[in-house]
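Please consult the sequence and the structure shown here, then the points grouped by topic below.

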Amino acid sequence: MEFLLNRYRTITVLVLVLSAQLFLLAYQVKSRQDIPVARAWATGSFVPMARILESFRLSTIGTLNNLADLGRTQQENQRLKAELNALKLENQFLRAELATADRGKALALFQQRSPNRTLAARIVGTSTGAGAMVVLIDRGSNEGVRKGMAVITPEGIVGKVTSAYPAGSQVMLITDSSFAAGVISSKNRVHGTLRGQGHSKCSIEYIQNEEKLETGEWFFTSGDDRVFPKGLPVGQVVVAREGKLFFKEVFIVPAGLQKGLEEVLVILEGVHQPIPETFDPTQQLYLLPPPPAEPRTKLEADRVIRGVVSTDADLVLERYKRIGTVTGHAYGTGGTPNFNAPVDDAPVSGDPPGAGASAGAGPAAENAEAGRPPR
Amino acid sequence: MTQFSDHLLGTRGRPRRYRIRPFALVLIPVAAILFQVYSPRVLTFLGFLELPLLATVYFALERRNQIWGLLIGCGIGLAQDSFSHNPIGVFGMVKTMVGFFAASLSQRVDAENQLVRFGVGFFFYFFHQFTYWVLVSTLLAQPIPFSLAETVLFGVLNAAVAVPLFGLLDKL
C-alpha cells in the first residue's frame, strides 16, 4: 500500500484535490448555499486594489485629457489670436470709414448752413517741396476753383489755392512759412497778420505791445487780405507776450488743421460775416430726430388718425376687443375666444413688411439707428 | 527521433529549476486575476485574455513538478472562482488539471522554446475552455455556448500573448 502511494503519489494528490473540489461543488449545489467567506475575502482584497487602480486610471485619463485640452486650447488660442488680429484690422478700417463718414456729414452740414458758396474737395496728395506746407486737392479749374481762393474746414481756415489746374489744385496751408492772412481777435478786436512758421503753430505779427491780448482768445479772419471772407475762425492763442521791439510775440494753434486734413471746402464766393463775441467750437449742433415711420397696420393708422397715443399693449388690447366683437365673445364670462379670428388689422397696403417696426421706440432708438448719441 | 524533435524534447534529464522568486509567485497570480476582473470594464477588447490560465501554465512549466503545478493551479482557480458567479470549484478543478498536465508536459519538452510555449499556450487554452464547458454543462447543468471557431481563435491569441509574456516573466 505504501509502495503504491509512493509510486502514484502525484496521481493520488491530483485525485484528492479534484475530489475535494468536487465535494465542495457538490455541497454548494446540493445545499444551494454559497461560501460567502471566500467571496467576501476575495472582494475585500480586490476592492482596495481596484480602488487604487481606478484612481490611477482616472488620474491618468484626467492628465491625458488635460494635455489634450491644453493642445486644443493652444490651437484655439492661436485661432482666436488670428481672428482678433483680423477683427482689429477690420475695426480699424471701420473706424476710419466711420470717421470719414462723420467728417463728410459735418462738412456737408457746414456747407449747407454757411453763407459762403463752397465746393467740397478731398486732399489727394502733398507737394514734394522740402519744408513746403502745400497739399493737392481733387478739384480744379473745371469745377470753378481759381488761384487765390480760400480753403477752409468747418473748424477754421486751412490755406489758399496757389495753383488751379483743370483736374486739381495746389493749396498752401496756413502753416507754410510764406503764408500770410489778415486776422482779428474776437474779444479785444486786435488786428494782426497771420504768418506760417513751417510747423504746427502760426504766429500773429504786427500787434503792438500796448494792445491787450489774452491767452485762449480766438482769432478770426478780418477780410483785409481779400482772400478769406471776414469772420472765419483761425485759431486760439497759446502764447501772447511782449516782444523786444514794438510788437508782441503771439502764437496760435490753427483750428482748421487740428483734426487732420482729408476733406476741405474751397470758397467759390465768400460772404463776410461778423466776428462773434464768444466762440465755442466744441458746441454740438442740435438736430431734430427724424420723422416717425408710417403706421404698420390699419389699426395703428386708425389710432394715429384719431390722435390716440398707442403703445403695443394698447394695440393688443384693442385687437382683443375687436376679436370679442367679431366672435360675439364677452370677456369674463368664461370660455376662450378664437384669437385667430380675422379682424381689420391687416398691414397697410404698399408698406413693406417690417416697415415702421421702430415706430414708438422714441428718438433714442432713432438716434441709435442714425449713429448719433441720444440728446 | 528527428533533430527537431530532439531539440524540442532536449531538456529531458536536465536538473529542475526553482528560480521563481516568492514575491513573483504571489504577485503574478494576483495581478493576473486582478487584470481579468478589472480590465474588461476598461479595456473590453482584452476580454479574451485568460491571464490566470497563462500564469498557471507558466508556473507549472517552470517548476516541472506535477504536485506543485496542480496546487498552484488549484489556488489560482479557486481565487478566480471567488470572483465568478458560479459555485466555487469549477475553475479550481479545471486549473488543477491544467497545472498538473502542464507540469507533466514540461518534463518532456523544452519549456523555454518559443514554439513550445506557443503550442502549449494554445493547447491548454483550448483544454481549459473545453473542460470548463464540460464541467459547467454536466455538474451545474448550465447551458453555456461553446464555439469551436471562437475558442480556436482566442486560443491562438492567448498563445500569441503567452510567448512574450512568458519571456517577460522569465526576467522577474
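In this predicted model, the axes of α3(A) and helix α2 (residues 22-42) of chain B cross at roughly 40° and come within 11 Å. Axes are lines fitted to C-alpha atoms, for helices over the stretch in contact, and angles run from 0 to 180 degrees between N-to-C directions. α3(A) is therefore oblique to α2(B); angles under 35 degrees count as roughly parallel, over 145 as roughly antiparallel, 65 to 115 as roughly perpendicular and the rest as oblique.

Because the model is predicted, local features need pLDDT of at least 70 and side-chain atom pairs count only at pLDDT 80 or more, while totals for chains, interfaces and linings use all residues. Residues are numbered from 1 along each chain as its sequence is written, and chains are lettered from A and ligands numbered from 1 in the order in which they are written.

**Crossing of α3(A) and α2(B)**

- The crossing of α3(A) and α2(B) is right-handed; a crossing is right-handed if the near helix is turned clockwise from the far one by less than a right angle, and left-handed if anticlockwise.
- On the α3(A) side, A:F46, A:M49, A:A50, A:L53 and A:R57 meet B:L34, B:V37, B:Y38 and B:V42 of α2(B).
- The residues of this contact divide into eight nonpolar, no polar and one charged.
- In this classification, Ala, Val, Leu, Ile, Met, Phe, Trp, Tyr, Cys and Pro count as nonpolar, Asp, Glu, Lys and Arg as charged, and the others, Gly among them, as polar.

**Interface of chains A and B**

- In chain A, 20 residues are in contact with 21 residues of chain B, two residues being in contact if their C-beta atoms, placed from the backbone, lie within 7 Å.
- On the side of chain A that touches chain B, α2 (9-31) and α3 (36-113) of chain A each supply at least two residues.
- The largest share of that side, 11 residues, comes from α2(A).
- By class, the side of chain A that touches chain B has 15 nonpolar, three polar and two charged residues.

**Chain B as a whole**

- Chain B has seven helices and zero strands, where helices (H or I, at least four residues) and strands (E, at least two) are DSSP runs, numbered from the N terminus.
- Along the sequence, chain B follows the pattern α-α-α-α-α-α-α.
- Of the 172 residues in chain B, 42% are buried; a residue is buried if 20 or more other C-beta atoms lie within 10 Å of its own, exposed if 12 or fewer, and partly exposed in between, with C-beta atoms placed from the backbone.
- Among the contacts in chain B with a separation of 6 or more, 68% are between residues 24 or more positions apart.

- Helix α3 (residues 51-63) of chain B has 13 residues and reaches 18 Å from its first C-alpha to its last, close to the 18 Å expected at 1.5 Å a residue; the expected span is 1.5 Å times one less than the number of residues.
- α3(B) is mostly covered, as 13 of its 13 residues are buried.
- Just after α3(B), B:R64 takes a positive phi of about 55°.
- α2(B) and α3(B) pack at an angle of about 160°, with their axes 8 Å apart, which makes α2(B) roughly antiparallel to α3(B).
- From α2(B), B:I28, B:P29, B:A32, B:I33, B:F35 and B:Q36 meet B:L51, B:P52 and B:A55 in α3(B).
- The contact of α2(B) with α3(B) has eight nonpolar, one polar and no charged residues.

**Two residues of chain B**

- B:I76 is found in helix α4 (residues 66-82) of chain B and is buried, with 27 other C-beta atoms within 10 Å.
- Leaving aside neighbours within four places in sequence, B:I76 is in contact with B:P29, B:P52, B:A55, B:T56 and B:K95.
- B:S39 is found in helix α2 of chain B and counts as partly exposed, with 16 C-beta neighbours inside 10 Å.
- B:S39 and B:L49 are 10 residues apart in sequence and 9.8 Å apart in space, C-alpha to C-alpha.

**α6(B) and α7(B)**

- The axes of helix α6 (residues 114-139) and helix α7 (residues 148-170) of chain B come within 8 Å and cross at roughly 140°, so α6(B) and α7(B) are oblique to each other.
- The crossing of α6(B) and α7(B) is right-handed.
- By class, their contact has 10 nonpolar, six polar and one charged residues.
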